[in-house]
Amino acid sequence: MRIVLLGAPGSGKGTQAKKLMAERNIPQISTGDMLRAAVSEGTRFGQKAKAIMDAGNLVPDDVMLGIISERLSASDAADGFILDGFPRTVQQALDLQELLDQLGTPLDAAVLMEVDFDILMKRLTGRRTCSKTGKLLNVHYSPQADLDAVIDRGGELVQREDDNEETIGNRLAVYREQTEPLIAFYEKRGRLKTVDAEGSIDEVYERLVAAIT
Ligand code: AMP
């Protein structure tokens with residue numbers, strides 16, 4: 001299964017992709033995670049990417065094409081993948097189409113995760129990651145016991161640097177201007193599926209699975 005998860009920052013793409021990866025054994029390919037790994041390695045490229053990400057802007061399309069073409073040619077992506085955070089521009093969608101045409105492995109679906117603006121803000125401002133396990137939590141939504149367990153086990157609840165209100169505002173504006181046109185792009189090609197992405201993680205997961213099977 002080869003799918004793209006589309007949706008605004010905070011729509012739950014990462015959470016759902018991780019769940020799908022665990023239950024279906026298909027790799028989650030998150031360009032945001034790949035870029036954050038480059039940032040933490042401190043390479044020159046990582047330093048450049050950090051400035052762009054901290055401002056909530058997009059890394060240039062040609063750079064992203066290099067990253068994604070390398071990743072998609074890895075052996076674990078041969079039988080399918082879940083793209084999370086790519087494509088984010090029409091150019092990236094065209095590049096992806098060309099790449100998959102060359103590999104002879106067309107996309108099965110682009111799934112749009114629909115969430116109301118107010119909920120997006122709450123999800124993004126409350127989002128935290130356990131420093132020890134990488135588990136995603138939310139100070140507004142996660143059970144208090146889960147949040148306490150992180151601290152009790154000596155972990156910290158880390159907030160992403162781009163999850164502050166100013167950067168979030170820009171990320172949402174960038175989404176509207178540059179990524180939303182992909183909805184029409186995939187609709188035109190008969191690949192778009194839409195999922196109501198409000199509600200609990202498990203509820204959304206059920207709807208996602210129903211949409212792609
Ligand atoms: P994410 O974790 O998907 O929210 O991505 C975090 C940040 O990484 C974004 O705000 C962008 O700065 C950058 N990024 C991730 N994926 C892409 C992409 N496909 N194109 C350009 N920039 C990206």
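User: Which strands do the buried residues of helix 7 pack against?
Analyst: This is a predicted model. Helix 7 spans residues 144-152, and its buried residues are Leu147, Ala149 and Val150. They cover an arc of only 155° around the axis, so they sit on the same side of helix 7. That buried set packs against strand 5 (127-130), strand 6 (136-138) and strand 7 (157-158).

User: Which exposed residues does helix 7 carry on the face turned away from its buried side?
Analyst: The buried side holds Leu147, Ala149 and Val150. Just after the helix, Gly154 takes a positive phi of about 85°. The face turned away from the buried side carries Gln144, Ala145 and Asp152.

User: Why do the buried residues of helix 2 line one face?
Analyst: The buried residues of helix 2 are Thr31, Gly32, Leu35 and Ala38. An α-helix has 3.6 residues a turn, so residues three or four places apart point the same way. Seen down the axis of helix 2, the buried residues line one face because they fall within an arc of 120°.

User: What covers the buried residues of helix 2?
Analyst: On the other side of helix 2, Ser40 and Glu41 are exposed. Gly42 follows the helix, with a positive phi near 75°. The cover over the buried residues includes strand 2, helix 3, helix 4 (61-72) and strand 3.

User: Which helix gives the most to the lining of the second largest pocket?
Analyst: This pocket has a volume of about 270 Å³. Helix 2 (31-41) and helix 3 (44-55) each supply at least two lining residues. With 5 residues, the most comes from helix 2.

User: How many charged residues are in the lining of the second largest pocket?
Analyst: The lining includes Asp33, Arg36, Lys50, Asp54, Arg160, Glu161 and Asp162. Ala37, Val39, Ser40 and Met53 also line it. By class, 3 are nonpolar and 1 is polar, while the charged count is 7.

User: Is Val174 buried or exposed?
Analyst: Val174 is found in helix 8 (residues 165-179). Beyond residues up to four places away in sequence, Val174 touches Gly56, Asn57, Leu58 and Thr179. Its relative accessible area is 9%, and the cut-off is under 20%, so Val174 counts as buried.

User: How far apart in space are Val174 and Thr89, C-alpha to C-alpha?
Analyst: In sequence, Val174 and Thr89 are 85 residues apart. In space, their C-alpha to C-alpha distance is 9.8 Å.

User: Is Asn25 buried or exposed?
Analyst: Asn25 sits in the loop between helix 1 (13-24) and strand 2 (28-30). Its phi is positive, near 60°, in a residue other than glycine. Most residues other than glycine have a negative phi. Relative accessibility is 71%, and the cut-off is over 50%, so Asn25 counts as exposed.

User: What is omega at the cis peptide bond that joins Phe86 and Pro87?
Analyst: Pro87 lies in the loop between strand 3 (81-84) and helix 5 (90-103). Most peptide bonds are trans. The bond joining Phe86 and Pro87 is cis, with omega about -5°.

Definitions and conventions. Residues are numbered from 1 along each chain as its sequence is written. This is a predicted model: local features need pLDDT of at least 70, side-chain atom pairs count only at pLDDT 80 or more; totals for chains, interfaces and linings use all residues. Side-chain values use heavy atoms; hydrogens and water are left out. Buried means under 20% relative accessible area, exposed over 50%, partly exposed in between (1.4 Å probe, protein chains only). Helices (H or I, at least four residues) and strands (E, at least two) are DSSP runs, numbered from the N terminus. The arc is that of the directions from the helix axis to the C-beta atoms. Contact means heavy atoms within 4.5 Å. On a 1 Å grid over the protein atoms alone, a cavity is a set of points where a 1.4 Å probe fits but cannot get out, and a pocket is an open set with protein on both sides within 12 Å along at least five of seven lines; lining residues have an atom within 4 Å of a point. Grid points are joined across faces, edges and corners, and a volume is the space filled by probe spheres set on the points. Ala, Val, Leu, Ile, Met, Phe, Trp, Tyr, Cys and Pro count as nonpolar, Asp, Glu, Lys and Arg as charged, and the others, Gly among them, as polar.
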